[in-house]
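The following exercises concern a single protein chain. Please consult the sequence and the coordinates while working through each solution.

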Amino acid sequence: MRRLLPAVAVLCLLTFSAKADAAQSSAAPIVLNVDASEAPQKIYHAHLVIPVEPGPVVLYYPKWIPGTHGPTGPIADLAGLRMHAGDKQIPWRRDDVDMYAFHCTVPDGAQKLDVALDMLAAGGGGFGDQTENICVIRWNQFLVYPKGKPIDSIPFQASIKIPSGWKMSTSLPIESQEGESAKFGVVSLDTLVDSPVLAGIHHREIRLGTGEPAHYLDLVADSAAALEITPKQRALYEKLVAEAGVLFGSRHYKSYRFLVTLSDKMGYHGLEHHECSDDGMPEHSMADDEAAKAIAYLLPHEYVHSWNGKYRRPGGLVTPTYQEANNTRLLWVYEGLTEYLGTVLTARSGLWTLDEARDYLAMTAQQLDNTKGRAWRPLEDTTLVAPMRAYDARGGWTSWRRSVDYYDEGTLIWLEVDTKIRELTKGQRCLDDFCRRFHGGAGGHAELKPYDLDEIVADLNAVAPYDWKTLLTNRVTQTADHAPLGGFRQGGWRVILTDKPTAFEKAVQGLRKRFDQSSSIGLTLGPDGEIGDVVLGTPAYKAGVGPGMKLIAVNTRRYSPKVLDEALAASKKPGHSITLLIEDGDFYRTYKLDYQGGPRHAHLERLKGQPDLLSKILSPLTGSVEKKAAKLHKGTDG
Ligand SMILES: [Zn+2]
């Protein structure tokens, strides 16, 4: 999962050889039909036929949804639940303490249970949204399954009907298709849930390169124009596929699909799967090279998860069914390493230039350094509250509360590991070697290999002997006043503050309409002056400003980002000050800030005499973008 924007314990290892058997199992599959033909109306109907034995049965609605790191199954949106055995309606009763469990009794002689349910999609916000033109079928929302068997051994045969005139994409095997209806091959429940269907009226499937295994960019959009991907974007995503292949050394899928919604109305999101990813981007992200920059990291991040998260997964995130709680302690590997490798691949593929990737890292590092909550709360503690809707925790004081920092701080930790390996081995080895060892293997099909921290440490030691356990444990379990910036120093750079934003920061803040002044006066602002966060100890904090207020005027002039920038610049001149007029509910008040520091924006600066390892890390392994794109189009992709 990827959280929306930078400013998403039972340890039971299953025998996964059973997984491949589920599809071929002689047991009759559960038949599931989802009628999504009323998707624009925001209601879906599902019907299941579940083979059963007479007697008491417990049916589960999936609760802990893979990749969301929490009990996020949308149980409140489940409606219309009815059960029948033949013509006889069967009463059901919800469990007293587990709201995701339903009890019923199958009468003598009955061998199957018919279950009808509706999914109400009118809640708005978050995953599960659709527009008049787009929907994403995430199967876990439309089914129940019987208690008693692991999810990799319950066979399902699903079919779907989408609205008239729409088209669909999925990595599920298609058994038959007629118009807007499709029937899929039998797969295990975990594979079904891992294989969403993307559908929309404006639909386009693009094959990326010509090599095997096949890769596709499947787009559905709120407009036909948004499907007009620029030749540059297409070449860059082809390069992403090639670069990932070299980084990991093998691919654990038969084919891979980027299932992308292009809409300004749906939430921007990413949810990883083994053979596809469920990606939500702004409407013109593919058709406008400049707009693409702001969210260029999304597809690389979700794609990396096919290796780091799906193929290799912390044991605590592997449970027999969707009902057991996850142990999220190793999310700094699951998400943090993914975030680092995703950033590296965004640069290596050319989706960001070297300068843009460095500017992004500078912004990230500075934002983390302004996260004062590290003083009371170690990074690992943020992983453990991930299930508590940490992804949605908007409220203010984020820098003191801490957020899902295991993404960005993970980037810094893994940069430190990468540069340390390069330093220890005098440039002979690097984190890529670890990835080929840890994420490599035969490949060719979806497979799951759980891991623990000891295996990570052992594989790092095999690449470059060092006390990795102490380094990693210190980084994730110790409190600190500053972000872990050692990776920059080892990589030949340091973070500095100047009064001018980088071109990248300017472009990204403009596109996202979010303005970070944490390093100067100590607050962040939304598009209309909404104060999102205030950093403890900064001039804004000391003056009495709090989150949830709204900035109306700066030095008597109506607020705009430019007006504030000019006031910050003037603050350095003698006799100038900054006075904010702020609205808080029905009240207005002025706040005088004691600040003379001018604007402050993060940059990376080269450390003289140190080798530039960072640029080496961010540089492509497969030749230049242009050369690679030309090769790909001639069909010579490896
Ligand atoms: Zn993720």
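**Exercise 1. Which residues gather in a patch of positive charge on the surface?**

Solution. The model is a predicted one. Step 1: the patch of positive charge consists of Lys500, Lys506, Lys572 and Arg600. Step 3: take Lys500, which sits in the loop between β24 (493-498) and α16 (503-512). Step 4: the relative accessibility of Lys500 is 56%, so Lys500 counts as exposed, the cut-off for that class being over 50%.

**Exercise 2. Determine which residues make a nonpolar surface patch, and classify Tyr541 by accessibility.**

Solution. Step 2: Tyr541 belongs to helix α17, which covers residues 539-543. Step 3: with a relative accessible area of 37%, Tyr541 is partly exposed.

**Exercise 3. Describe the salt bridge between Glu132 and Lys265, and locate both partners.**

Solution. Step 1: side chains of opposite charge can pair when their charged atoms come close. Step 2: in the pair Glu132 and Lys265, the closest N and O atoms are 2.8 Å apart, and the cut-off for a salt bridge is within 4 Å. Step 3: Glu132 lies in the loop between β8 (112-120) and β9 (134-137), whereas Lys265 lies in the loop between β19 (256-262) and β20 (269-272); the pair thus links distant parts of the chain, 133 residues apart. Step 4: Glu132 is partly exposed at 43% relative accessibility, while Lys265 is exposed at 56%.

**Exercise 4. Which residues are linked with Arg402 in a network of salt bridges?**

Solution. Step 1: Arg402 and Asp405 form a salt bridge, the closest N and O atoms being 2.8 Å apart. Step 2: both Arg402 and Asp405 are buried. Step 3: the network links Arg374, Arg402, Asp405 and Glu409. Step 4: in the protein, the count of salt bridges comes to 28.

**Exercise 5. Compare the radius of gyration of the protein with that of a compact globule, and summarise the overall fold and surface.**

Solution. Step 1: a compact globule of 638 residues would have a radius of gyration near 26 Å; the protein has 26 Å, which agrees. Step 2: the C-alpha trace spans about 90 × 65 × 50 Å along its principal axes. Step 3: the protein contains 20 helices and 32 strands, and 57% of its 638 residues count as buried.

Technical notes. Residues are numbered from 1 along each chain as its sequence is written. This is a predicted model: local features need pLDDT of at least 70, side-chain atom pairs count only at pLDDT 80 or more; totals for chains, interfaces and linings use all residues. Side-chain values use heavy atoms; hydrogens and water are left out. Helices (H or I, at least four residues) and strands (E, at least two) are DSSP runs, numbered from the N terminus. The radius of gyration is taken over C-alpha atoms; the globule rule is 2.2 Å times the number of residues to the power 0.38. Buried means under 20% relative accessible area, exposed over 50%, partly exposed in between (1.4 Å probe, protein chains only). Patches are made of residues with over 30% relative accessible area and no salt bridge: like charges are joined within 9 Å, nonpolar side chains (Val, Leu, Ile, Met, Phe, Trp, Tyr) within 5 Å. Accessible areas come from the Shrake-Rupley method with a 1.4 Å probe; for residues, only the protein chains shown count as cover. A salt bridge is a side-chain nitrogen of Lys or Arg within 4 Å of a carboxyl oxygen of Asp or Glu. Lys and Arg count as positive and Asp and Glu as negative; His and the chain ends are not counted. The place of a charge is taken as NZ of Lys, CZ of Arg, CG of Asp or CD of Glu.
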